[in-house]
Amino acid sequence: MNTKKKDITLCTIFLILFAGGFLLCLFSPKERYSDSERRMLSPMPKWSAQGLWSGRFMAEFESYAQDAFPYRDSFREIKALTALKVFSRQDNNGIYVSDEFLSALEYPMDEDSLGRAIERFRYVCEKYLTEENKVYLSVISDKNRFLAKGSGHPSMNYEEFEKQMAEKADFAEYISISDLLERDDYYKTDTHWRQERITDVAERLALAMGTTLSQDYEIHTLESDFYGVYYGQAALPLEPEKIQYVTGADIDCCIVYDWQNERKIPVYDMEKAVGRDPYEMFLSGSLSLLTIKNPNARTDRKLVLFRDSFGSSIAPLLISGYAQITLVDIRYIHPDHLEQFLDFDNCDVLFLYSTLVLNHSDTIK
C-alpha cells in the first residue's frame, strides 16, 4: 500500500511539473531578441501542410522551442558552469575564460584568407591610387595572442601572421603595433580594445605616417555597465565592465558625416552607449562610410582609413593629425562604389584590420 501511494505521489508530482512547464512555455511572454546573445530569437513557424510534410515545420519549431524556453538564460548559465566546473571542459560555445578575460578560440591561421584580404586591398590601390598616395598597412592582434597559450588553448603564430601580411602587401608600408599591445588593452568580455589604453598605438601610427597628434586628452567613464559580446555567448556569471572614452579640443569640435544614412552624427553616440551594444557609441558602430572633419586642423593632410570595428575607437584619436579622415568599411560597401563619394587625391591611405577579420576575409567585399 505504501509503495502504491508513493508511486501515485511521484506520478502526480511529475504530471504537475510537466503540465506547469507546458503551460509556462505556452503562455509566458516571448522575447523577440536576446540581449545576452545579441541575436534575434527564432519565431513561431507558420503551419502549413507542405511545411509539415517536408519536415521544415518541425525543424523550425525545434529552434523556436529552444529559444522560447522559460528562464532560458538561467539554464544556459547552469549548463555553462556544469561544463566548465564539473566536467572540466576548456570552453563553452567556443568561448574560454582566462584570468577573468573571455575570448573565442581563433585557430588555425588561414593563409588563403590572408591572401584574399591582400588581394582586395590591392584591388583598391590599383583602382583608385597613384604614386602620390602613401599607403600603409597595420594588423591589430586579437586578445588570443595574450591569453591562449597561458591558458592551454591553441593559438595562431601571430608573428608569422604579421610577417605574411607585410610580405604579401608589397604595395604598402607595414606599421607594427603589436609590441604596444597587451592583455589589459582589451575589454574582458568583448573582442575590442579599450580606447583610453591605445593612445600610444595612435601615436605610433601617426608618426609612421608623418604626422603628430595632440596628447591633450581627458578620459570619461560611462555610468552604465558594459557586458561585451562574449558575455552572452559564454553564459557565465562575470562582473560587468565600464567603458571609457577620450575627449580633447580636436575631438570635441569634429564634424562627422554618415554617408550611408546621409546625416551628421556625433563622435560619441550616447544613445547607443546605453543600447544593446554600448561599444557602438564610438562613431555609431558599423557604418560603411564616414567622414570626420577637423575645423581646428593645423594641417591640410587627409587620411582614408580602411577599417573594421576596431577603427571606430582609434579614429577619434588620430583626428588631431589630420584635417579630414574618411573611414571605409568594405565589409559593407563594395570598393567599386567609392568613387561616388571619395576623392583620393593627396590622401594617405591606411589599411587597419584585426586578425579576426583578416583570418575570415570572406566578409570583405
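Student: In this predicted model, in which sense do β9 and β10 pair, and over how many bridges?

Tutor: In the predicted model, the pairing of β9 with β10 is antiparallel. Within this pairing, V256 stands opposite I265 in β10. The sense is antiparallel, and the number of bridges is 3.

Student: Which residue takes a positive phi in the hairpin of β9 and β10?

Tutor: The hairpin has 4 residues between its strands. A positive phi near 50° occurs in this hairpin, at E262.

Student: Which residue of β11 does V256 stand opposite?

Tutor: Strand β9 also pairs with β11, in the antiparallel sense and over 4 bridges. In β11, the residue opposite V256 is I292.

Student: Along strand β9, which side chains point to one face and are buried?

Tutor: The side chains of β9 (residues 255-258) alternate.

Student: Which are the edge strands of the open sheet of 8 strands?

Tutor: The order of the sheet is β6-β5-β14-β12-β13-β11-β9-β10, with mixed pairing. An edge strand here pairs on one side only. The edge strands are β6 (173-174) and β10 (263-265).

Student: What angle does the direction of helix α11 make with that of β12?

Tutor: Strand β12 (residues 302-307) runs parallel to β13 (residues 324-328), and 5 bridges join them. Helix α11 (residues 311-318) packs on the sheet and touches β11, β12, β13 and β14. The angle between the directions of α11 and β12 is about 165°.

How values were computed. Residues numbered from 1 in each chain as written. Predicted model: local features only at pLDDT ≥ 70, side-chain atom pairs only at ≥ 80, totals over all residues. Heavy atoms only, no water. Pairing = 2+ DSSP bridges. Helix = DSSP H or I, 4+ residues; strand = E, 2+ residues; numbered from the N terminus. Contact = heavy atoms within 4.5 Å. Axes fitted to C-alpha atoms, helices over the stretch in contact; angles between N-to-C directions. Buried < 20%, exposed > 50% of the residue type's maximum accessible area, 1.4 Å probe, protein only.
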